[in-house]
Amino acid sequence: MKPVFEYTKGMREKELHYCPGCTHGIAHRLIMEVLDERGQLGDAIGVSPVGCSIVAHQYMNIDMLESPHGRAPAVASGIKRVHPDAPVFTYQGDGDLASIGTAEIIHAAERSEKFCTFFINNAIYGMTGGQMAPTTLVGQKATTCVDGRDPKKQGFPLRMSEIISQIDGAVYVERVTVTTPGDVRKAKKAIERAFDVQEKKLGFAFVEILSTCPTNWGLTPTDAIKWLRENMIPYYPVKQFKCPEEV
Amino acid sequence: MSDVKKILIAGFGGQGVLLIGQMLSYAAMYEDKEVTWMPSYGPEMRGGVANCTVNISSSPIASPVVTKDFDVLIVMNGPSLEKFEKDLKPGGDLFINTSIVDIEPTRSDINIYRVDCNEVAESKIGNAKTANMVMLGAIIRKTGVVSLAIMEKVFNKVFTGKKAKLIPANLQALEAWDE
Amino acid sequence: MSEKQLLKGNEAFAKAAINAGCRYYFGYPITPQNEVPEYMSRELANAGGAFIQAGSELEAVNMAYGAAASGGRVLLSSSSPGIALMQESISLLSSVEVPIVLINVMRGGPGIGSIQASQADYEQVTKGGGNGDYHTIVFAPSSIQEACDMIYHAFDVADEYRNPVIVCADGTIGQMMEPVALPEAKEAAMGDEAIAAVKPWALTGHKNKRERHAMNSVWLQQDLLENYIDEYWPKYEKAERELQDWEEVMLDDAEVVFVAYGSTSRVAKEAIQALRAEGIKVGMIRPKTLWPFPAKAFEKLGDNVKHVISVELSKGGQLMHDVKYVLGGKYPVSLINRYGGMLLDPDEVVARTKEILEVK
């Protein structure tokens with residue numbers, strides 16, 4: 001019998017601690033599957049953030065380290081100087097990347113660093129229990145804005161892909177989501193392109209993955225997917241912002 | 001006790017104040033003496049005045065930080081004379097760049113040397129940029145803190161590559177001033 | 001050792017680091033240490049390494065973390081407020097046992113402070129400026145030559161202990177020039193295989209040949225963190241046994257003992273000569289390691305000693321607190337100090353010593 005689908009060698013055989021319906025698992029698997037298919041699991045070095053995915057290294061079968069909150073792009077920049085040919089990436093949530101770590105991500109793009117960043121945007125702080133993030137949508141409730149984000153009080157959500165795409169050093173920027181099988185395939189394609197850009201040393205590659213957080217959104221997994229499609233995608237359009245001709 | 005000579009060089013930025021101190025330091029090192037060079041740094045540097053202290057001794061130098069009782073004081077501009085004249089020890093040597101300084105020292109318990117650096121540099125060397133080396137030559141010849149003979153070795157180390165062609169004019173400048 | 005060169009402190013620090021095999025440097029401009037990043041930006045690439053001007057000290061220390069965790073020999077430098085900003089990551093580097101060498105060219109504080117030399121970061125560097133149970137090993141040079149020798153040695157100590165090592169200089173040593181003979185140039189382990197051979201713990205990619213390395217600083221089960229701290233803590237006890245270092249100056253007949261480190265110890269040394277010329281028998285203990293504190297030096301002090309004086313550039317007597325702690329009340333301890341970037345000179349030390357001793 002020929003197997004048509006297998007557990008990727010990129011993931012260690014451990015049960016994920018993520019909540020039911022959380023899309024971290026899909027994002028983890030896609031990145032690891034891409035590295036496996038490229039034959040690069042043995043060379044890759046990953047940087048995990050502070051947030052729910054801090055222990056991504058428990059699941060991803062590659063050399064990894066934890067970064068202080070928000071500093072993953074700086075850590076990856078250092079790794080890349082010692083191992084310029086290794087595939088290096090950061091995996092960061094929206095609290096990590098769009099709040100405490102904005103300086104680091106902007107300057108990694110400015111320097112046109114030759115690594116990839118996978119940005120998991122679920123519009124909320126997950127690990128600490130549902131506080132407002134810079135990406136929290138107008139009207140969206142969080143434990144630090146219980147009546148919903150009010151632009152008069154908390155301003156407006158940050159669109160990170162749009163910001164990063166303004167920086168010349170970022171050569172590949174795409175926003176994807178993983179809410180349907182078709183979206184998942186497109187997301188995988190974007191991750192592949194990001195590693196291609198890195199391998200060809202073309203510049204900084206940034207992939208934003210719109211994700212769900214059913215627990216802190218207070219929704220069932222299926223309702224969370226529906227909420228993402230109806231609320232997040234209109235504000236955070238799924239699209240390719242820039243892509244070099246070479247990939 | 002140590003025989004340390006404490007030297008303060010002060011003036012405007014761009015007059016080669018720090019360089020005069022460095023040249024003395026190189027010379028001392030090549031004569032196997034102990035030496036420390038300490039610049040003023042920071043906002044002062046940007047405000048247009050600069051100074052440095054040089055200690056030269058035959059035995060290890062304890063403190064590189066000197067604020068008073070200098071053996072030698074070189075003032076390249078007027079404000080430096082006003083500010084530091086009091087810090088020269090009695091019997092010390094004061095060198096005044098009279099091309100720039102238009103005020104007179106007030107003390108009578110010190111040796112005063114008036115060096116018209118800019119005029120000498122222009123009339124005898126034909127290069128105004130050697131004014132600081134005219135002053136350096138005056139210091140060396142009057143104080144003997146290092147020997148004039150060592151300066152060729154110093155210049156050979158400091159002026160390398162394209163700058164090597166500057167060596168003859170600078171050596172000439174060291175001996176250009178007459179009292 | 002090379003022939004003597006006349007070098008500015010900061011530039012000499014950078015040269016000594018490269019000779020020690022340092023190939024990676026990450027920095028952010030801050031006075032009075034700017035010659036270090038400037039030199040590294042010119043020279044590291046020629047040595048086969050890399051320099052990045054970071055966007056902040058936060059970025060710099062985390063670039064250092066990434067490079068050191070993946071096996072590079074890494075130098076960082078900054079001055080007091082910049083070092084304060086780095087503390088989160090110094091704590092983290094200790095928790096994941098990643099070695100780096102960090103030079104603090106100290107200036108006046110608190111806050112943004114002044115840019116002149118100071119020693120008011122003593123507690124920050126020795127007592128752990130960051131959170132949690134860890135120590136940094138701290139060397140305190142008093143000359144450019146000694147700074148170069150300590151930096152050269154610090155890389156090996158950092159690797160042996162797998163821990164950050166701080167070389168605590170100050171604005172005076174960073175900015176002055178002195179003749180210095182640089183230590184011999186060493187090669188660095190570069191590339192996956194060479195790095196894996198000398199640092200088997202480093203992140204080099206598992207090459208499908210070993211279990212993956214996961215460097216983690218978070219412990220969601222507190223009992224496991226307690227066990228982990230117990231695992232690495234013996235290295236700090238070893239450091240306290242083996243790394244204490246100090247210089248003794250005329251202690252044999254000393255009735256007064258100065259304790260001073262760094263550039264201030266040179267001022268104190270000159271004051272000792274002057275005081276002895278007046279018949280006052282002063283000696284000195286000069287800590288060369290600030291952590292571990294050279295407690296052993298104080299065990300040897302005998303009945304001839306009547307008074308111990310900490311001579312330092314800090315308001316509250318940060319060094320004095322450690323001196324008092326190791327002496328346990330055996331002798332009276334006093335303080336001679338300036339602060340905020342103001343320096344002591346030998347005359348002031350002489351005059352204040354006489355005041356303390358009530359000698360006319």
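Author: A polar contact here is a pair of N or O atoms within 3.5 Å, and within protein one of the two must be able to donate a hydrogen and the other to accept it. The model discussed below is predicted.

Reader: Which backbone oxygen does the side chain of C:S118 reach, and at what distance?
Author: C:S118 lies in chain C, in the loop between β5 (101-106) and α5 (122-126), and its relative accessibility of 1% counts as buried. Its side chain reaches the backbone nitrogen of C:A120 at 3.3 Å. Beyond four places in sequence, the residues that C:S118 touches include C:M106, C:D170, C:L313 and C:G341. From that list, the residue whose backbone oxygen is reached by the side chain of C:S118 is C:L313, at a distance of 3.5 Å.

Reader: How many residues does the contact take from domain 1 of chain C and from domain 2 of chain C?
Author: The domain assignment of chain C gives residues 5-180 as domain 1 and residues 246-357 as domain 2. The C-alpha centres of these two domains of chain C lie 27 Å apart. The contact between them draws on both sides, with domain 1 of chain C giving 30 residues and domain 2 of chain C giving 23 residues.

Reader: Is C:Q244 buried or exposed, and what is its relative accessibility?
Author: C:Q244 is found in a loop of chain C, the one between α10 (234-242) and β10 (246-249). Leaving out residues up to four places away in sequence, C:Q244 touches C:A239, C:T289, C:P292, C:F293, C:P294, C:A295 and C:K296. Because the cut-off for buried is under 20% relative accessible area, C:Q244 counts as buried, with a relative accessibility of 15%.

Reader: The backbone nitrogen of which residue lies 3.0 Å from a polar atom of the side chain of C:Q244?
Author: The side chain of C:Q244 reaches the backbone oxygen of C:E240 at 3.0 Å. A polar atom of the C:Q244 side chain also lies 3.0 Å from a backbone nitrogen, and that nitrogen belongs to C:K296.

Reader: Which strands stand at the edges of the open sheet of 8 strands, each with a single partner strand?
Author: The sheet has mixed pairing and runs in the order β7(A)-β5(A)-β6(A)-β4(A)-β3(A)-β1(A)-β2(A)-β9(C). Within that order, β1 (residues 45-48) and β3 (residues 88-93) of chain A run parallel and are joined by 3 bridges, with A:G46 having A:F89 as its bridge partner in β3(A). Each edge strand has a single partner, so one side of each is left without a neighbour in the sheet, and these strands are β7 (240-242) of chain A and β9 (214-215) of chain C.

Reader: With which residues is C:A214 in contact, leaving aside its neighbours within four places in sequence?
Author: C:A214 lies in strand β9 of chain C and counts as partly exposed, at 27% relative accessibility. Among the pairs of chains in contact, chains A and C share the most contacts, whereas no contact joins chain A and chain B. For C:A214, once the neighbours within four places in sequence are set aside, the residues in contact are A:H57 and A:M64.

Reader: How far is the sulfur of A:C19 from the closest cysteine sulfur?
Author: A search of the whole structure finds 0 disulfides over all chains. B:C117 is in no disulfide, its nearest cysteine sulfur being that of B:C52 at 15 Å, and B:C117 counts as buried at 0% relative accessibility. A:C19, by contrast, is partly exposed, with a relative accessible area of 37%. Because a disulfide needs sulfur atoms within 2.5 Å, the sulfur of A:C19 is too far for a bond from the closest cysteine sulfur, which is that of A:C22, at 6.4 Å.

Reader: In β4(B), which residue is the bridge partner of B:L8?
Author: Strand β1 of chain B (residues 5-12) is mostly covered, with 6 of its 8 residues buried. β1(B) runs antiparallel to strand β3 (residues 49-57) of chain B, joined to it by 8 bridges, and there B:F12 stands opposite B:V49. β1(B) also runs parallel to strand β4 (residues 70-75) of chain B, with 4 bridges. In β4(B), the bridge partner of B:L8 is B:L73.

Key:
Residues are numbered from 1 along each chain as its sequence is written. Chains are lettered from A and ligands numbered from 1 in the order in which they are written. This is a predicted model: local features need pLDDT of at least 70, side-chain atom pairs count only at pLDDT 80 or more; totals for chains, interfaces and linings use all residues. Side-chain values use heavy atoms; hydrogens and water are left out. Two strands pair if DSSP finds at least two bridges between them. Helices (H or I, at least four residues) and strands (E, at least two) are DSSP runs, numbered from the N terminus. Buried means under 20% relative accessible area, exposed over 50%, partly exposed in between (1.4 Å probe, protein chains only). Contact means heavy atoms within 4.5 Å. Domain bounds come from an automatic or database domain assignment.
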